[in-house]
Amino acid sequence: MTKKNGSIMYKCSSCGYSQPRWLGRCPECGEWNTMEEIIIDNIKGSLINNSNQTQKAKPVQLSTITAQENTRFSTGISEFDRVLGGGATKRSAILLGGEPGIGKSTLLLQTASKMSQSFDNNQTVLYISGEESAGQIKERADRLKLDCSKIQILCTSRLEDCLDAITVLKPSLIIVDSIQTVYSIEAGLIPLTINQLKYCSNELISLIKERDSVLIMSAHVTKDGNIAGPKTLEHMVDTVISFERNNDDIRFLHAQKNRFGSVDEIGIFSMTENGLETVSDTANLFITKRESEQPCGVACTPVFEGSRVFLVEIQALTVPAKASVSRVYSEKIDSLRVSRIAAVIEKRTGLCFSDQDIYVNVGGGVRLTESSIDAALAAALYSARTDLKVSSKTALFGELTLSGEIRTVTKPKQRIKASRNLGFERVISFDSEQIEDRIHDIKELIKTVFA
C-alpha cells in the first residue's frame, strides 16, 4: 500500500487513541504494547486494510446464538420460491445464469413486480440495469402488464452510483442486470475484466450483508453453459441458479448451490406472451401422449426432482458403427452411464453393443442424473437393439449394478403411486411389495418387460 492510496496509523486497542508513529506506551491511557497498525484510505478516510484490526472478531458459543425467524421474502413466483428453498433469504446474494434470450430479465422484472406488491410502504425495490435503458424496461413491463409503482430503476454501469443508490434508498430487493456490466475505477480503467467482476461483486455483497436486503445478480454464460468469469464469483454468493431451456417454450430453473435450501428442487416455467408462467401439471409434462403403440427404443421411468415425481421418457437408438469405431451420443444422460449400462447388457445377456453407435435422448429435454433410471435405460437400449417394444402402460425404475443386479432406490412408494396416477398399469422394479413384477437382475428385467 503506497502513501498515494493510504497512510499508516497506529491505534490503541485499549482506548482508541491514534497517532502516525508507533509508541510502546499509549500516552492517553498509559497501557503498554497496545498500539496496533492500521491503514487509512486517503480518499475515503476509512480503514481499508490492517493485519491487526482494533475491533477483532471474537468466537462465541454456537449454542448461545438465537436462530432468526421470518428471514425470507417470497418472490411471488411459486417455482422460484421452490428452487430457493422457500423464498429469498434476507442478507443473501443470488446469482442467476442463463444463455442470451432465455428470459432472465423477464424473470427478474416479474420477480421485482410481485415482491414489491407484498412489501410495506417503507420497503422498495431497486432495479439496476447496465444493459437496457429505462424505456426498454418500461416497455417490457407494460407488455407483461406488470405493476411497477414500487420499483426504482437505475440505468448505470458505475459501481459507485449503485452503492450510493442502495445507501440512500435502503431497498429490500436489489436486482443487478447484469453483474458483468458493472465496473469501478478502483478496479482498473478497463471494464468487463476479471478484477472488475470480483471487485464489484464483493462490494455489492458486502453492502447487502449489513442490511435486511436480498441481492439478485444476473450473469452471462459461456457457450458451454457455465457462468462467465472467475469461479470465485460462485463461491462469493449464497445461491447459484441456472436457467435452462429445452427445444420448446419450457424453461427449467435449478440451483447448483444453495446455502439456505436444497439443490434438488427444479422450477418449471412456460414462456408465453404474458411472460414466464409456472407449469402446474408437471407430472406428465415429459410424457408423450400417443394414440398408437409406443415405438421401439422408448421406456418410461419415474424420477424425483426435489420433492416432486416426474414421469420421463427415455429414448434410445442404435445403428451400426461407422468405420468400426462405436460412439455414444447422449446429452441429457451422462454418456459414461449409457456406456456402462450397454456393457452390462452385453456381458450378462450376450446382446452386442460394441459394434453399434448409441444415441440416447430424454423427452422434454430434462437432464437425468439419479441412478433409478438404470432399469428404464437398459430396457430402452435393449428395445432399440432388438426392435422389441416396451408397453406404453409399463414404467420401470431401479439401479443396475455391474454384476447385472437390480438394486433398491429411494422413495419407491411415491414413484409407484405417481406412475399409477398417470395411467401406467404395470410398474416393474425390485423395491416394493405393492407391485407384482419384482425383478432382481437384468435377465429378469428383460424377461419380464419383453415377455
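Modeller: The loop between α8 and β20 (394-396) is where Asp-387 lies, and everything I say about it comes from a predicted model.

Biologist: Why is Asp-387 called exposed?

Modeller: Its relative accessibility is 57%, and the cut-off for exposed is over 50%, so Asp-387 counts as exposed. Its backbone also deserves a look, for phi of Asp-387 is positive, at about 60 degrees, although the residue is not a glycine.

Biologist: How far from Asp-387 is the C-alpha atom of Leu-317?

Modeller: The two C-alpha atoms are separated by 9.9 Å, although the residues stand 70 places apart along the chain. Leu-317 is part of strand β17 (residues 308-320), and, beyond its neighbours within four places in sequence, Leu-317 is in contact with Asp-357, Ile-358, Tyr-359 and Ala-384.

Biologist: What makes Leu-317 partly exposed?

Modeller: Its relative accessible area is 46%; buried would require under 20% and exposed over 50%, so Leu-317 falls in between and is called partly exposed.

Biologist: How do you know that the aromatic pair of Tyr-329 and Tyr-359 is stacked?

Modeller: There are four aromatic pairs in the structure, and in this one the ring centres are 4.6 Å apart with 10 degrees between the planes.

Biologist: Why is the pair of Tyr-382 and Phe-450 called tilted?

Modeller: Their centres are 5.0 Å apart and their planes meet at 40 degrees; stacked needs under 30 degrees and edge-to-face over 60, so the pair is tilted. Tyr-382 is in helix α8 (residues 374-386), while Phe-450 is in the segment after α10 (442-449), 68 residues apart. Tyr-382 has a relative accessibility of 16%, and Phe-450 also has 16%; the limit for buried is under 20%, so Tyr-382 is buried, and so is Phe-450.

Biologist: What makes Thr-106 buried?

Modeller: Its relative accessibility is 11%, which is under 20%, so Thr-106 counts as buried. It is found in helix α2 (residues 104-118), and, with neighbours within four places in sequence left aside, Thr-106 is in contact with Arg-140, Leu-144, Gly-275 and Leu-276.

Biologist: How do you know that the charged end of Lys-411 sits over the ring of Phe-304?

Modeller: The charged end of Lys-411 is 4.7 Å from the ring centre, and the distance limit is within 6 Å, with a position within 35 degrees of the ring normal also required. The charged end of Arg-415 likewise sits over a ring, that of Phe-397, at 5.9 Å from its centre.

Biologist: Which residues are closest to the centre of the largest pocket?

Modeller: The largest pocket holds about 680 Å³ of space, and of the 31 residues lining it, Glu-244, Arg-245, Glu-331, Lys-332 and Arg-367 are closest to the centre. Two or more lining residues come from each of β7 (92-98), β12 (239-245) and β19, and β12 gives the most, with five. By kind, the lining divides into eight nonpolar, twelve polar and eleven charged residues.

Note on methods: Residues are numbered from 1 along each chain as its sequence is written. This is a predicted model: local features need pLDDT of at least 70, side-chain atom pairs count only at pLDDT 80 or more; totals for chains, interfaces and linings use all residues. Side-chain values use heavy atoms; hydrogens and water are left out. Helices (H or I, at least four residues) and strands (E, at least two) are DSSP runs, numbered from the N terminus. Buried means under 20% relative accessible area, exposed over 50%, partly exposed in between (1.4 Å probe, protein chains only). Contact means heavy atoms within 4.5 Å. Rings of Phe, Tyr and Trp (its six-membered ring) pair if their centres lie within 6.5 Å; planes under 30 degrees apart count as stacked, over 60 as edge-to-face and the rest as tilted. On a 1 Å grid over the protein atoms alone, a cavity is a set of points where a 1.4 Å probe fits but cannot get out, and a pocket is an open set with protein on both sides within 12 Å along at least five of seven lines; lining residues have an atom within 4 Å of a point. Grid points are joined across faces, edges and corners, and a volume is the space filled by probe spheres set on the points. Ala, Val, Leu, Ile, Met, Phe, Trp, Tyr, Cys and Pro count as nonpolar, Asp, Glu, Lys and Arg as charged, and the others, Gly among them, as polar.
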